[in-house]
2 protein chains.
Amino acid sequence: MLKFDDKGLITAIIQDVKNNEVLMVGYMDKEALRRTWDSGEVWFYSRSRQELWHKGTTSGSILKVHSVTKDCDSDALLIKVEPTGPVCHTGNQSCFFQPLMAEDLESGN
Amino acid sequence: MLKFDDKGLITAIIQDVKNNEVLMVGYMDKEALRRTWDSGEVWFYSRSRQELWHKGTTSGSILKVHSVTKDCDSDALLIKVEPTGPVCHTGNQSCFFQPLMAEDLESGN
C-alpha cells in the first residue's frame, strides 16, 4: 500500500535508464501517478503551482517511463525513464548540476 | 540559497558512486545537513521518529559522502556515497527493489 504524505504527495525520483544519471525529483499525487501509469509518460503534481503537470508539455522534453519501483517503506518511487531532451529548464540534462558549497549551509529559509 | 519545506526539511537522494544505483531517499533538516557536511557521513531527520538519525548507527551500514549537489531549484540534494554495507533494513543493497504493481494504484492512504 503506497503511503502518500499529509499533502497527498509521494516523492518520485527520475533516473535515466541508459546511464543511471539522476535527472530530477518531483512529487506526485494519486492522479499524477495514475496518469503516469496509464500514459507511460511522467506527470507530477507541482507544489508551487498546485496543479497537475505533464512534464515536457511546454519544454518538449517528455519522460518516457521504462520502469517504476517503490521503496521498502512504500513512500517513495524510483522511475527509470528515457527523456526525449534535456530535463532541466536550464538546458542541462539533469537538474542536479550545482555542487553544494559551504555557504549553502549558512543560508536557507 | 537552499529551500527547506514548511517542516524545515529538504529531500536527499542517496546514490551509489560506484554504479549510480539509487539506494534510498531521506529528508534532512539543517542540523542533519550540517552534521553530514562536517562528518562526511550521512545524517537524516527521521519524519516518523522525529529525530536526527545517523544512518548506520544501528545497522552498521554507514553512508560515506563522496559528493553533494543541489538541484536547479535548490530544494533537493543528490548525495553520492560509498555505503559500507547493504543500505536497506531488509538486507537489500537498495531500498528500491519492489516493482510498482497495478494494485498499488488502487490502494494508498
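Okay, let's start with a salt bridge inside chain A: A:E41 pairs with A:K64, and their closest N and O atoms sit 3.4 Å apart. That one links distant parts of the chain, 23 residues apart. A:E41 is in the loop between α1 (30–39) and β3 (43–46), while A:K64 belongs to strand β5, residues 63–71. As for A:K64 itself, the residue counts as partly exposed, because its relative accessibility is 39%. And keep in mind, everyone, that this is a predicted model.

Between chain A and chain B, the count is 8.

Let me walk you through some of those that cross. B:D6 meets A:K7, side chain to side chain, at 2.6 Å from N to O. Each of these two residues lies in the segment before β1 (10–16) of its own chain. Are they buried or exposed? B:D6 is exposed, because its relative accessible area is 60%, and A:K7 is exposed as well, at 53%. There's also a salt bridge between B:K7 and A:D6, again with 2.6 Å between the closest N and O atoms.

Now look at B:K70 and A:D104. They form a salt bridge with the closest N and O atoms 2.9 Å apart. This pair crosses between the chains too, going from strand β5 of chain B to the segment after β7 (96–99) of chain A. The cut-off for buried is under 20%, so both residues qualify. While we're on salt bridges, A:R34, A:D38 and B:E106 are joined into one network through shared partners.

Let's zoom out to the interface. On chain A, 46 residues are in contact with 46 residues of chain B. The area buried between the two chains is about 4,200 Å², and carbon and sulfur atoms give 58% of that. Which residues of chain A lose the most area to chain B? Those are A:K70, A:F96 and A:L100, together 16% of what that side buries. If you go by polar contacts, there are 20 residue pairs across the interface. On the chain A side, β1, β2 (22–28), α1, β5, β6 and β7 each supply at least two of the touching residues. That side divides into 23 nonpolar, 11 polar and 12 charged residues.

β7 of chain A and β5 of chain B run antiparallel, joined by 3 bridges. If you want to find the spot on screen, A:F96 stands opposite B:D71 in β5 of chain B.

Last stop, the strands within chain A. How do β1 and β6 pair? They go in the parallel sense, over 6 bridges, with β6 covering residues 76–83. One landmark there is A:Q15, whose bridge partner in β6 is A:K80. On the other hand, β5 and β6 of chain A run antiparallel, with 7 bridges joining them. A:T69 has A:L78 as its bridge partner in β6. These two strands form a hairpin with 4 residues between them, and in the turn you'll find A:S74 with a positive phi of about 60 degrees. One thing to remember as you follow any regular strand: side chains alternate between the two faces of the sheet.

Conventions:
Residues are numbered from 1 along each chain as its sequence is written. Chains are lettered from A and ligands numbered from 1 in the order in which they are written. This is a predicted model: local features need pLDDT of at least 70, side-chain atom pairs count only at pLDDT 80 or more; totals for chains, interfaces and linings use all residues. Side-chain values use heavy atoms; hydrogens and water are left out. A salt bridge is a side-chain nitrogen of Lys or Arg within 4 Å of a carboxyl oxygen of Asp or Glu. Buried means under 20% relative accessible area, exposed over 50%, partly exposed in between (1.4 Å probe, protein chains only). Two strands pair if DSSP finds at least two bridges between them. Contact means heavy atoms within 4.5 Å. Buried area is the accessible area (1.4 Å probe) that two parts lose on being put together, summed over both. A polar contact is a pair of N or O atoms within 3.5 Å; within protein, one must be able to donate a hydrogen and the other to accept it, and residues adjacent in sequence count only if both atoms are side-chain atoms. Ala, Val, Leu, Ile, Met, Phe, Trp, Tyr, Cys and Pro count as nonpolar, Asp, Glu, Lys and Arg as charged, and the others, Gly among them, as polar.
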